[in-house]
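Here is a short report for a first look at this structure. Start with the view below, then read on.

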Amino acid sequence: MDSQKLNPVDRIVELVSSGENFVLQGGAGSGKTESLKIVIQKVLKTDPNLRIACITHTNKAADEIADRVPCDITVSTIHSFLHEIISPFKKNIQQVFPKLFELPEFGALGDEHYGGDEKARKKGEHERFKKVHGQLEKRRRTVLGEDTTKVTGKRDYDKDPNTYNVQLNGLIRGVNKEICDVLAARQPNEFFYNDTSFDNFSDPSYGHDGLIALACHIFESFPFLGRIVSNRYDCIFIDEYQDTSADVIRVLLRCLPENAKTVIGLFGDSEQAIYSDGIGSAQSHIHAKELILVKKEDNYRCSRQVIDFSNKFRTDGLKQDVALKSLDDGTLETIESRQGSVKLVYDLAPEEVDTGDKVEDRKTNMASFRSALDALVEKTASDYPGYVQLKLTNKSIASDVGFGTLYQIFDDRYSEPRDRMRKTLDRLQFGELFDLVTLYRGLPGDRRSYNRLISKLRKRGFSITSVADKAKLNEMLHSFESKDRAAYEAIEYAAAYGLLRVSDSHKAFVDRRDKLLARLTGDPVFSEFEELHRNGHRTKIQMTNEVAATSMKHINVEVLELEYDDMLSHLKEKNFLKSFFSEALSLSEIWAFYDYEDSESQFSTMHKTKGTGIENVLLVIDEYGWTTEYDFQSCFTKNIPETRQEAASRKLLYVACSRTKKNLLCVRLMKSQEEADDIASFFPESARV
């Protein structure tokens, strides 16, 4: 039979038999994981001696595949897979470990990078300089235990940037040398995988990302590792490849010996790559003839109408079609049962006010827009009961599901609070504590949860040798559910009793907090700035007018002109730190955030919509302040995305739409009738409220 006429599974079986690497590209609901299972069964039927590794991204996914593939194969997460491979080679780990902490030297960008705009170049170069200086500060504090001179201000930097760049690079070379010297003096068996999100320098261990980086460095530096993997496995299959590190894909394709061919097979969908830390697309490897593309156009999930609508947002040329599922009685579902609807409901935004005060007008108009959007969503939800709302994380969702205070703290500080929330909470190890509590919730019936809980605790040095130890552990973990203590107090409690080992990154965050607050307390210029802000002078113009009209001891118009942005940032940071570490932020808010991120409810975020389908979806097409990340209007006005922002918008919209099994209802508050007409043309049905 012609290979091109084979169904995707049989085509893959053929490729495996001939030793060819491949990528199965299948849209939402195409049954990619089921295809993976069938491929494994078929290739083992052909050759029962094949040694297969199947790699996933979460323990839950690994468990599901292990349960669905009752064969003697290796099924593990990417971290477990790589850890098992590199962990015996302690000396090699020690040799490459400095790469996790070394800093690259700072290189200036010329006028050409800034389009010949000298003002933009000066501003941009100083911002880059400040960023690298901040990284150096953290690294010197971690490695040397030393503070670094305050970053040079823009006015001085502009006078002689080359001199300051040379000084910065000298400090970088110095700290890099110290990193190498300190780590070279350690014993190889001191280096270990800590199974957390962070790397530690003082207690030389590596976290999840560090494990991937180290493994890739070892693969590239020491060819023997590729030979070991090739000798161990005939096939390595990766599920959800789009979320796998590009470096991992690259080393598996290029660092294994060609003469002892191990087949690398990828299963996933580049159009569902909505996170920035994965490879996204394997197109470069396809073009390099390192992978053979196999398309799977089936859709077993969505109604005909939802499939046709979602296809409009794909950019890879794959067009999905209805595929009928087998029912429990052995018959196929009917095409009639796969009918649904797609509809747009919209209204026009209120007219914007223009009083001449741009800052206040922006606040007023934004509040008016949000109020009108909330009212539109509320009315639509009442008209269509039973629909699950999908939207970007925002203040109203946060309040509804129990982390409104947490969201407000981050919203006051950052333009994209949800992303910062996750990063900050994970950095302060709330995610680790939540993982422990989640595993504890699964007891006593879930043996896998118990084993993982004990394994994680042992890596932290927590000893469980007696019944009393188990009772104490039970009491502590239970207290995180039963007592609503202050959020950070819970972290301090967990660290004090050995449930958490405080990471270098965590220590650096707290150390920076303490130093910043101490410095601001003793800064008379900042104190006057804070007083001006507290007295209602919230903008640069308002402050400048007040300072010009009154006599202040430390602040004048020139100081405001040069330092306003930095001082406002420091004020926001101070207020953020005071609020976040206060008793007013309860642990229950943190739990509500993580529970919301990891589960389904009446409200769901567009970022966590991959997976099983939802019968009826109410999709709110609005950026909710994520304007630097997304521009959903471009999805309806451009055939091909031209920027990273536009590509990210299309992918997220595709993922959210294709989650719908039957009826999709999209809601948007339009800025103009012209925008409404453009977007409505994409829909088979639309109505203004």
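Is Asn-49 buried or exposed? Asn-49 counts as exposed, because its relative accessibility is 65%. Here, buried means under 20% relative accessible area, exposed means over 50%, and partly exposed lies in between (1.4 Å probe, protein chains only).

## About the model

This is a predicted model: local features need pLDDT of at least 70, side-chain atom pairs count only at pLDDT 80 or more, and totals for chains, interfaces and linings use all residues. Residues are numbered from 1 along each chain as its sequence is written, and side-chain values use heavy atoms, with hydrogens and water left out.

## Overall shape

The chain holds 29 helices and 16 strands. These are DSSP runs numbered from the N terminus: helices are H or I with at least four residues, strands are E with at least two. The radius of gyration is 28 Å, close to the 26 Å that the globule rule gives for 689 residues, so the chain is as compact as a globular protein of that length. That radius is taken over C-alpha atoms, and the rule is 2.2 Å times the number of residues to the power 0.38. Along the principal axes, the C-alpha atoms fill a box of roughly 90 × 70 × 60 Å.

Of the 689 residues, 48% count as buried. The chain exposes about 32,900 Å², and carbon and sulfur atoms supply 48% of that area. Accessible areas come from the Shrake-Rupley method with a 1.4 Å probe; for residues, only the protein chains shown count as cover. Contact means heavy atoms within 4.5 Å. Among contacts between residues at least 6 apart in sequence, 72% join residues at least 24 apart.

## Domains

The bounds come from an automatic or database domain assignment. Domain 1 is made of two segments, 8-89 and 222-296. Domain 2 covers 99-188. Domain 3 also has two segments, 336-405 and 605-688. Domain 4 spans 430-501, and domain 5 spans 505-585. The centres of domain 1 and domain 2, taken over C-alpha atoms, are 39 Å apart.

## Nonpolar cores

In soluble globular proteins, nonpolar side chains tend to be buried together. A nonpolar core is a set of buried Ala, Val, Leu, Ile, Met, Phe, Trp, Tyr and Cys residues joined through side-chain atoms within 4.5 Å. The largest one here has 64 residues. Those with the most contacts inside it are Leu-406, Phe-430, Phe-480, Leu-499, Phe-580 and Ile-590. Helix 25 (residues 557-580) gives the largest share of this core, 9 residues. A second, separate core has 55 residues, including Phe-129, Cys-216, Phe-222 and Val-251.

What does Phe-480 contact, leaving aside its neighbours within four places in sequence? Its partners are Leu-433, Val-437, Arg-485, Ala-490, Tyr-493, Ala-494, Leu-499, Leu-587 and Trp-591.

## Strands around strand 15

Two strands pair if DSSP finds at least two bridges between them. Strand 11 (residues 341-348) and strand 15 (residues 660-670) pair in the parallel sense over 8 bridges. Leu-344 stands opposite Cys-666 in strand 15, and Val-342 has Leu-664 as its bridge partner there. Strand 14 (residues 614-620) also pairs with strand 15 in the parallel sense, over 6 bridges. In that strand 15, Leu-665 is the bridge partner of Leu-618. Strand 15 is mostly covered, with 9 of its 11 residues buried.

Strand 11 pairs with strand 16 (residues 686-688) too, in the parallel sense over 3 bridges. Val-345 has Ala-687 in strand 16 as its bridge partner.

## Loop residues

Asn-49 lies in the loop between helix 2 (32-46) and strand 2 (52-56). Its C-alpha atom is 53 Å from that of Tyr-624, 575 residues away along the chain. Asn-259 sits in the loop between helix 11 (246-254) and strand 7 (263-268). Asn-259 is exposed, with a relative accessible area of 75%.

Most residues other than glycine have a negative phi. Asp-195 has a positive phi of about 60° although it is not a glycine. Asp-195 is in the loop between strand 4 (192-193) and strand 5 (205-206), and counts as buried at 13% relative accessibility. Lys-289 has a positive phi of about 60° although it is not a glycine. Lys-289 is in the loop between helix 12 (283-287) and strand 8 (292-296), and counts as exposed at 76%.
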